[in-house]
Amino acid sequence: MELNFARLRPAVFLIFAAFAAACTEKLDNNAGCPILCPDQGGTISTITIDAVTLDSTVSALEGLGTETSLLVATRGDTIDARAIVRFDSIPAKYRKPGADTTDIDVTTVDSAFLRMRVDTVGAKLPSNLTLDLYDVNSTAPDSAVAAIAALFTADRLITSVTLAKSALKDTINIPIPPAAILARKGGPMRIGIRARGPESVQVRLLSEEGAGAPTILSYRVSPDTTIAKVVLGPYSKTPSDQPILASSLADYTLLVKGTATGPASQLNIGGLPARRVYMRFEIPAFIIDSVDVVRATLLLTQQPNLTIDPTDTVSIIPHVSLAGVAVTDVAKAAQITAVANTDTLHVTPGGSGVKTLEIANIINVWRSQSSADTPRAIVLLSTLEGTSPLEARFYPVEAAPDQRPRLRISYSARKSTGLP
Amino acid sequence: MRHRTAALSSLAVLAIAVSFSNANAQGALSTQGFGYPPGQMSTRALATGGGIVEFDADSPLNPAAIALSSDPRMFLQYEPEFRRLTNAGSTSNTTTARFPLFSASVPIGSHASVGISSATLLDRSSATSVTREMEVGGTVSTVTESTRLLGAINDLRLAFGWAPSMKFQLGLGIHAYTGQNRVFFSQSFPDSLRFSTISQLSTLGFRGYAGSAGIMVRPSRNFGFALSGRKGSTLQARSADSALAEANVPDRVGFGAAYEGIPGSSISVHVSRDMWSRMNDLTSTEAVDTWEGGLGIESLGPRLIQRQTILRVGARYRTLPFLAAGSEVDELSFAGGIGTQFFRNRATFDVTLERAGRKPKDSEVGARERAYILSFGLRVRP
C-alpha cells in the first residue's frame, strides 16, 4: 500500500513543531509545592549582639565649597550662614559676534541680573524674605571666615531684594545695579548673600556641585536689546596652584555661627559644622564565614535634641569605611568611605527611643574583606551633611546595655549538599 | 573617642550547627529523589512499550543484543517531554529536552560485536519557586524560594556480544556511572534594602560501576527469548574532591519474549525488576525496588514516499523509583511510532509518541501527572 504524503503533511508538521518547541526547556513547576517539595529553605535564626567595639563622633571634614547647596540662614543666636558666589573675571571689553574683531570697552551695563535656584526643602521662611547682596571682594582667603564675614557692611551693600514666601519656588532673579558690575570690570567680583526677615530665616541655594549651572550673572553692555547678553557663571581663580579647590570655591557657604555640638557622651550626627559617627564592629566569625545573613539591623537608642527644629526630619545613611588598619585616626578613617546600598534612617532630632537601621548589605560587603586589613566599620552621616543644622543624637557604646548600639542579625545556616 | 571591647566571648555558646539541607524541592511526581528514569530505551523500543528492549541493539540493557550487528552503526536519540502536573486545583506545564541515548557498535568478524553507549539513568532536571510568609528579625515578610536542579546520572557502557550460532547470543558489559547535578537555590525578599537575598550553588558529581550480562535464545524462527541482568557496584556522590555519600548502583534483571510467527510483524513483551533501594544511602527520599512490564507490536506499514515504513504500538506499566510525599508512583503509558529508512537504507529515522499518566498509589496524595514524550531516533550505518 502506498500512502499519499500530502495526507500526512499535518502530522509531520505537528511533529516537527513539537521538536522545535522542545528546544527551549521550561522546568518551572510550582503546582506540586509544598507537598512535593517540602523543606526548601530551612529556618532563619536571629541573634542580637553587642558588636560595636568603638564609636566616636568626628568632624565631617567636608571641603569648603564642596557642599551641594549653599545654606543661607539667620536664626537669631543659633545659626548665621551666608553664601559667597565668586565671578573672578568680569569682562572689561566686549567683542561683537561675527567677523568684526574689534574690542569695545564696556562702559554701560544694562539689565543685570543674578539668577539663582532655590531649594525650599527644610526651609524656614517667614512671609517675606529679604536677601542682601554685598560686595565682599577681598584678598583674604576664603577660609578666613571672620575676615570675610566682616565685609558684610552697609557701605558694601550692592542691593537688597524682598521676596514674598510664595515667590520662592524654584528660581529667583535679583536685579543688580549696573554700577556694581562696572566697578569690578576687568577684575573679580565676589558677592556675599545674607538673608533676613521678620523671623528666623533659613533657605538653601543650589551650588555648582549640586546642580548644573544653577547660578548665572547676566547683563547687557548696551541698552540695545539686539546685542547679546554677557552670561557669567561662578568662577574662582584662586588658589591658582590648586585648580580643584579653586573650582569648589566658585561658590560656598560661609558659616559664621554654627550649631552647638552635643555632649561628648553622645553620638552626634548632622549639625553645623557637620559631624558624623564612626562605628567599628567585631562580628562573630561564623556570621562572616559560615552562614548567609538575611537581615542585619543596627539598633540605636536616640536621645532628644531640642536645640533646633526638634520636629523636623533628619535622614541618616550608613557608609562603609574603607580605611585600612594603617589609618589609626578614626577622624581620618571616617572620611574614607564608600556609599552602601542600604536603608535610610529617618528621625526627628527631638525623638527618642530605639531606632533601627538595616545594614545587611554592608555585612555582605564585609564577607569579602579581611578584618585584619580593613577594620569592619561604618560611618553614619546625614544626607544633608553640611547644609542642614539638624542633629540627631544617640547613646554610645558606654551606655547601659539596653541603650548602647547593638546589632540584630538574622541568618540562615542552610547549606545545600545537592543530595535529595 | 570611646573604646570598648565587646564581650563576644558569650557567643562561644552559639556553637554553630550549620544545617546541611537536602535539595528536595523537585516539585513533580516523576522528579523526586535523583530524578526520572527515562528507561534506557531506544525510540523503537519505547514505541513497543519496551517489549523489544531486551532484543534491541540500540538499547543498552542486554549486551547480547549487539552480537549480530552486521555493520558498524551509530544511534542518537532526542526525547523532549511535555509534562503537566495537577495538584489541588493548580496546574504546571513543563518542557524537558533530553538526549537520553547514544550508542555505537562495530562488528568483529561475523559472529561478534563490540559497542559503546551512553544513556540517561536518572534525569533530575526540575525547577520550583515557592512564595511564603516568614518571620525575619521580628518582621513577617514574604520570601520567594527558588530551586533549580540540572543534570543527570548517566550510564556509560562498553559491551561485547557474541553469537556462536543463530539460535544463541550472549553478551557482557561493563558500566561506569557519571554525571553531575547542579542545584541552584535562592531565597529572595521583596524589600531588598532590608533583606539580603541568599544564593547557593552546589554541584554534585557521581562515580559508580556495574557489570552486566545477557543472553538471547531463538529456539525456532517464530520465538525468541532474552534475559539480562546488571550487578551494581558502589555509587558515590561527590562534591569537589570529597565523597558525600556512598551507596550502590541498582541491580537489574529483565526478561523478554518475542513472537514473529506473523509475517512482517512481531509481538514482544518484557518484564524487569530494578533494585533502586540500593541507592538509599545516597538520599533521604526513599527509593523503592520497582517492577516494569510492557507489551508491543511492530509491523510493516504502508509505503510512504516510496519507502517502506514500520509501525509500532505498545503499552507499558511501571512504578517510579522514588517516593513522592511518601507514596509510590505508578506510571502507565501508551505509545505509537513509525520508522523508515533513507539514503539507500543506510539511515533509519524513528519517531515515537508516548503518553504517560502518573499517579501516587496513596490516594491521599492528590497530585496527578500527565506527560507526552516525543522520541526521535536516528540510526546510521556509515
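Chain B has one helix and 20 strands, where helices (H or I, at least four residues) and strands (E, at least two) are DSSP runs numbered from the N terminus. This is a predicted model, in which local features need pLDDT of at least 70 and side-chain atom pairs count only at pLDDT 80 or more, while totals for chains, interfaces and linings use all residues. Residues are numbered from 1 along each chain as its sequence is written, and chains are lettered from A and ligands numbered from 1 in the order in which they are written. For the complex, the predictor gives an ipTM of 0.75 and a pTM of 0.74.

**Chain B**

- Taken along the principal axes, the C-alpha atoms of chain B fill a box of roughly 95 × 45 × 40 Å.
- Of the 382 residues of chain B, 48% count as buried; a residue is buried if 20 or more other C-beta atoms lie within 10 Å of its own, exposed if 12 or fewer, and partly exposed in between, with C-beta atoms placed from the backbone.
- Among the contacts in chain B with a separation of 6 or more, 63% are between residues 24 or more positions apart, two residues being in contact if their C-beta atoms, placed from the backbone, lie within 7 Å.
- The pLDDT, which is the predictor's confidence in each residue from 0 to 100, averages 89 over chain B, and 93% of the residues score at least 70.
- Over residues 1–20 of chain B the pLDDT is below 50, although this stretch has 38 contacts in the model beyond near neighbours in sequence.
- Where pLDDT is low, the predicted coordinates should not be read in detail.

**B:A371 in chain B**

- B:A371 has its place in strand β20 (residues 368–380) of chain B, and it is buried, because 22 other C-beta atoms lie within 10 Å.
- Not counting residues up to four places away in sequence, B:A371 touches B:E81, B:F82, B:R83 and B:A356.
- Computed along the sequence B:A371 and B:R355 are 16 residues apart, and in space their C-alpha atoms are 5.7 Å apart.

**Chain A: overall form and domains**

- Chain A has seven helices and 27 strands.
- The radius of gyration of chain A, taken over C-alpha atoms, is 31 Å, well over the 22 Å that the globule rule gives for 420 residues, so chain A is more spread out than a compact globule; the globule rule is 2.2 Å times the number of residues to the power 0.38.
- Along its principal axes the C-alpha trace of chain A spans about 105 × 80 × 45 Å, and 42% of the 420 residues of chain A count as buried.
- The domain assignment gives chain A a domain 1 (46–61 + 261–412) and a domain 2 (79–257), with bounds that come from an automatic or database domain assignment.
- The C-alpha centres of these two domains of chain A lie 38 Å apart, and their contact takes six residues from domain 1 and five residues from domain 2.

**Nonpolar cores and packing**

- A nonpolar core is a set of buried Ala, Val, Leu, Ile, Met, Phe, Trp, Tyr and Cys residues joined through C-beta atoms within 7 Å, and of the 97 residues in the largest one, A:V72 and A:V293 touch the most other members.
- Strand β5 (residues 79–87) of chain A supplies the largest share of this core, six residues.
- Domain 1 and domain 2 of chain A both give residues to this core, so it lies between them.
- A second, separate core of 35 residues includes A:C33, B:L85, B:L320 and B:F322.
- A:A81 lies in strand β5 of chain A and is buried, with 23 other C-beta atoms within 10 Å; leaving aside neighbours within four places in sequence, its contacts include A:V72, A:L255 and A:L272.
- The buried residues of helix α7 (residues 360–367) of chain A are A:A360, A:N361, A:I362, A:I363 and A:W366, and they pack against α5 (285–289), β19 (292–303), β20 (314–321), β23 (353–358) and β24 (377–382) of chain A.

**The contact between the chains**

- The contact takes 80 residues from chain B and 70 residues from chain A.
- On the side of chain B that touches chain A, strand β8 (residues 126–136) of chain B gives the most, with seven residues.
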